Structures are given as structure tokens and as C-alpha cells.
Amino acid sequence: AANPKRWTVKLLPEVAFFQEGPGVRKWQFRSTGIKLINVGNIVHGRLELSNTERYLDNAEVEKTYSHFLLKAGDLVMATSGVTWGKVAFVEPQHLPLCLNTSVVRFRPLEPYACDPIFLRGFFETQAFRRQIEQLITGTAQPNFGPSHLKLVQLPVPPLPLQKEFAQRVGEIRDVEERQA
């Protein structure tokens, strides 16, 4: 029942680039600089950056962590803790922002093998959760990372269907925002 339309099933690395943030240590935290994202910043499908105060020194980011700087449009996911799997998009007003451990960023491969909104939708399905639950280690503190994500399979409908899905999701989000 997971793939009634017989869409092509692909492994996640075939449709998206993904990367986990570095393991930044407490002694590296600063009170100003480049904001460091963590799992607590992903709240109800959005980034809420005001609820943490962890930064990295600008020079240290430039020297060591520049390849972990997020871009607008990146999809980020919490990969540890009880709220693992929650996702949000990075928006221009969130920048500059640096990945941290236990957060993975996703970018669909070019040319789009996968619409980013479709990808996010897949991550919010039981089909995705079940695959991760079979792969993750640690029951008290669930954790997963790129080695697990490489094994995730997803049905990939034709791009026009993905775009139609993305458009409908956008319409629903617009209604939700107006009501909020």
C-alpha cells in the first residue's frame, strides 16, 4: 500500500544531498557571531531561532565550518531526541546560520530529481518514520544520521505530480497562516 501507483522507488542519496552538522563543543559557544542551529529550533514545522543563544565565532566558522553554513531553501531535520524527524525550511531571514550535530540538511539534487516540498512531505509520512525506526540505534535517546538515511527508500512520482502536490501544500499553508 506504500506505493500503489508503482512509482519509481529510489534511495534517498539518488534524489537529495544531505549532510549532518559538526560536533561543536560547549567551549566553542559564543554569545554573538554565527547562530548555531539545534534540534530545539525546529518547532511546529518552522525554525524558531529565538529560543536558543548559541553562536560560533565568525572567524572560526570561516576557517573550519564554512561548508556547514545553511542556505535559504535548505530543508533541516532533527535526528535525535524524542522529536526526531521534525523538519523545517531555512528562510532568508534565518541567515547566517550554521548546522550543528543532530541536525541534517537536505538539498534536492539538480536538476530536480525531487521537489523540496515533496521531499518534506515524504519525511512527514509514516512510511519514512517506519524505515528510520527499523534503522535507528538507542531506545532511550533515538539517534540516526547519514549512514541510516542512505538506506531510506522513497517512491518518486513524476515531477509534474510532485509540483502539483507542492502547490496544494502551499495553498494549505497560506490558509493556515491567514487563520493564525
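Helices (H or I, at least four residues) and strands (E, at least two) are DSSP runs, numbered from the N terminus. The model is predicted: local features need pLDDT of at least 70 and side-chain atom pairs count only at pLDDT 80 or more, whereas totals for chains, interfaces and linings use all residues. Residues are numbered from 1 along each chain as its sequence is written, and side-chain values use heavy atoms, with hydrogens and water left out.

**Exercise 1.** Determine in which helix H148 lies and whether H148 is buried or exposed.

*Solution.*
1. The helix that holds H148 is α5, residues 146-149.
2. Buried means under 20% relative accessible area, and exposed means over 50%, with partly exposed in between (1.4 Å probe, protein chains only).
3. H148 has a relative accessible area of 16%, so H148 is buried.

**Exercise 2.** State which residues H148 is in contact with, leaving aside its neighbours within four places in sequence.

*Solution.*
1. Contact means heavy atoms within 4.5 Å.
2. With those neighbours left aside, H148 is in contact with L135, I136 and N143.
3. For L135, the side chain of H148 reaches the backbone oxygen at 3.4 Å.

**Exercise 3.** Describe how far α3 is covered and what is found at its start.

*Solution.*
1. Of the 8 residues of α3, 7 are buried, and the helix is mostly covered.
2. Among the buried residues of α3 are P116, F118 and R120.
3. At the start of α3, a side-chain oxygen of D115 comes to within 2.8 Å of the backbone nitrogen of I117.

Notes:
Polar contact = N/O pair within 3.5 Å; in protein donor to acceptor, adjacent residues only side chain to side chain.
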